[in-house]
Every structure is written in structure tokens, then in C-alpha cells.
Amino acid sequence: QAFDVAVLGATGLVGQTMIELLEERGFPINRLYPLASKRSAGSTVTFKGEEIEVEDAEAFDWSLVQFGFFSAGGSISAKYAPLAADEGCIVIDNTSEFRYEPDIPLVVPEVNAHALADFRNRNIIANPNCSTIQMMVALKPIQDAVGISRINVSTYQSVSGAGKEAMEELAKQTAGLLNAREVKPDAFSRQIAFNAIPQIDAFQENDYTKEEMKMVWETQKIMGDNSILVNATAVRVPVFYGHAEAIHLETHSPIDAEQVKQLLSDAPGVTLYEGAEQFPTQVSSACGNDMVHVGRVRNDITHPCGINMWVVSDNIRKGAATNSIQIAETLIRDYM
Ligand code: A2P
């Protein structure tokens, strides 16, 4: 069995990675339709050694495909996902547009694949936020073992999460400043080179950013537990690929760091770094692979039920493209 597949946002960072990964993972594809805006229509992408022309999404006939991977932005998904779904295409949406609708599954396959049972509700499945995905993969075994009551998390997120232009801004500012030129922010609200910016996405009424609140809302939905409290600070750092997170969690009953390491050493999707000095980083561990890397696991010396850890993953792969494709692979395996 092979499928016809559309990738919407095929010229973007996530879309391009999706096309590479569909090939790398041997996803059962009959025909690939790369879609973008009018601007890129007629350009080409390479898939399995073949040049395939990018089409304008506006003119696309969605009845041609069984799967649509969407990553062109929330408003684009709002416009095209219902159209595609009505034509019988299963939409796997990487934007936040549908994540909080109760009848739309929000899925990290290692964590809540069972939620996919509802995929026919709307024919749309939401891919979670990149920072949430890696945190869920790392915390699920602990939630299952002792229950998590509260998560304090600070993120160190790369610029690739903000798209191609944001990556160029970091490169240009870095080169500019090293050459003593003046730089001015554009894609970010402050200078990103040699700096850290505690703002990702828009500020909300409660003074948290939307990125921070995504981690609150999505954790509860994915874990299926509205009692988990999440206190997040999301920070953009001058790193090109990969997000890191310092996670401090409180469990319902005490668990020792050694027990946590034991759980994580068997956890699906996790690579554990046991020794304190072996910690993972974005550049040395996470870039270009699909694992969630966990290190610095230690007891919180200020709290009897506290555990600390450092969690790193490639935001474009496991945080976006890989997770979306894993959702489709799980659907094919279990439901089709
Ligand atoms: P395009 O190349 O036509 O602008 P990134 O997040 O890396 O910037 O990528 C955004 C992706 O979303 C690109 O593939 C971009 O295509 C696509 N996109 C942006 N606006 C639209 C639109 N109105 N219709 C379809 N695709 C769009």
C-alpha cells in the first residue's frame, strides 16, 4: 500500500526537512505534491533523485492525496485544512491552529498514540509545539511511574524555530557585529546575535508569551491530565538548530534520580546521558537526528519530590517534521 502525499509549505524549513525525511524513512509514497504559495510555484524540490515542481496551494485539488503535511503557518492551515479534510485527505498540521480544539487529536506517538483513534472526527491531527514534544517524550515515563504534579521549565530555543528569515538574521547580525557594523533587529524584537531573548511568539493577557502557554495547554492535553501544573519561561538563544530545556519537576510521590535514569534508559525515543559530565547539547548531540537527549538528571536538593534534568532535541526534526511523519506512520500501522 502506497499513498499520494502533499507537503504544504514545501519550500520552508520544516517542509524541506519533511520531504527529506519522507525519503529517508521510506514512507510509502506513490506521488509527492510539494505545495507553497504562488511565489514559489514552478520552483523544484528533489525527492528520490527526481526534480518535482512546486505547485500553488490555491489551485490544488485535495482529492488527489490521502495525506497532507501542513507547515505553512496558522492562517494557511485554517484556510486549507478543512478543504483538504472534506476531500478525504488526512491532514497532519504542524501549526497551532487546531491544537486546542477538543475533537482534534494532539499527538506525540511515543506518549499518546491512543489519541489517534479519533482521527476521523475531523480528518485533522495536530502536531504539538516543538518545545512541548521533547518535554513530553522525556517526562512520560515519570508521569506513568509516580505522577507529575508540577513542571518548572526554562527553554533555550534555536532560531530555526522562527523560520528561514530568522536564521538569516542570526547569521547576518553575527557577521555584522564581528565586522563592527551596526545591526538592527527585524525578525526578533531584540538583537539575537550574542544575546538571549525572553520572548517567543506574542505576549498574552497574563504576561506569559504564547509559546509558554502552549507548553501549559499542550502538556495537559497530551498527558490527558489537567492537574499537571506547568510554569514556563521560553527563551530564544543564538543557536541555529535544536532546543534545550532545563526542567525542574515535582512528582506526586518521591522518586530518586537513579530510578528516573533507569526509567529513561528504556524509554522510547530517549537517549540518556548517565554521567554528569556527559550532558548533551544542541550542536554536539541533537542536530540532525530524531532522538530526545536527556542528561543532568539529578535530585532537587531543595525539594523531597523534585527532579532536575536537561533535555535537548532537534526542533525541526523531532519537534516538527519527524513527529508529523511518525503520526502518519502510526496511523498506517494501526488504523489503515
Ligand atoms: P513560499 O516559498 O511560497 O513563501 P518558513 O517557515 O521556513 O519561512 O516557511 C514557510 C512556508 O510556508 C514556505 O514554504 C512558504 O512558501 C509557505 N507559505 C507561506 N505563505 C503561503 C501561502 N499563502 N500559501 C501557501 N504556502 C505559503
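## Model and numbering

The model is predicted: local features need pLDDT of at least 70, side-chain atom pairs count only at pLDDT 80 or more, and totals for chains, interfaces and linings use all residues. Numbering starts from 1 along each chain, as its sequence is written.

## Overall fold

The chain holds nine helices and 14 strands. These are DSSP runs, numbered from the N terminus: helices are H or I with at least four residues, strands are E with at least two. The C-alpha trace spans about 60 × 55 × 40 Å along its principal axes.

The radius of gyration of the chain is 20 Å, which agrees with the value near 20 Å for a compact globule of 336 residues. That radius is taken over C-alpha atoms, and the globule rule is 2.2 Å times the number of residues to the power 0.38.

Of the 336 residues, 45% are buried. Buried requires 20 or more other C-beta atoms within 10 Å of the residue's own; exposed means 12 or fewer, and partly exposed lies in between, with C-beta atoms placed from the backbone. Among contacts with a separation of 6 or more, 66% link residues 24 or more positions apart. A contact puts two C-beta atoms, placed from the backbone, within 7 Å.

## Strand β14 and its partners

Strand β14 covers residues 306-313. Six of its eight residues are buried. It pairs in the antiparallel sense with β11 (residues 243-251) over eight bridges. Pairing needs at least two DSSP bridges between the strands. In this pair, H248 has N308 of β14 as its bridge partner.

Strand β13 (residues 292-299) is also antiparallel to β14, over five bridges. Here N299 stands opposite I307. A hairpin of six residues joins β13 to β14.

## Residue E218

E218 sits in helix α6, residues 210-223. E218 is buried because 24 other C-beta atoms lie within 10 Å. Leaving out residues up to four places away in sequence, E218 touches R99, L106, P128, N129 and T132. G42 is 176 residues from E218 in sequence and 37 Å away in space, C-alpha to C-alpha.

## Ligand shell

The ligand is surrounded by 16 residues, and the closest are G12, A36, S37, A72 and G163. A residue counts as near if its C-beta atom, placed from the backbone, lies within 6 Å.

By class, the shell has six nonpolar, eight polar and two charged residues. Nonpolar means Ala, Val, Leu, Ile, Met, Phe, Trp, Tyr, Cys and Pro; charged means Asp, Glu, Lys and Arg; the others, Gly among them, are polar.
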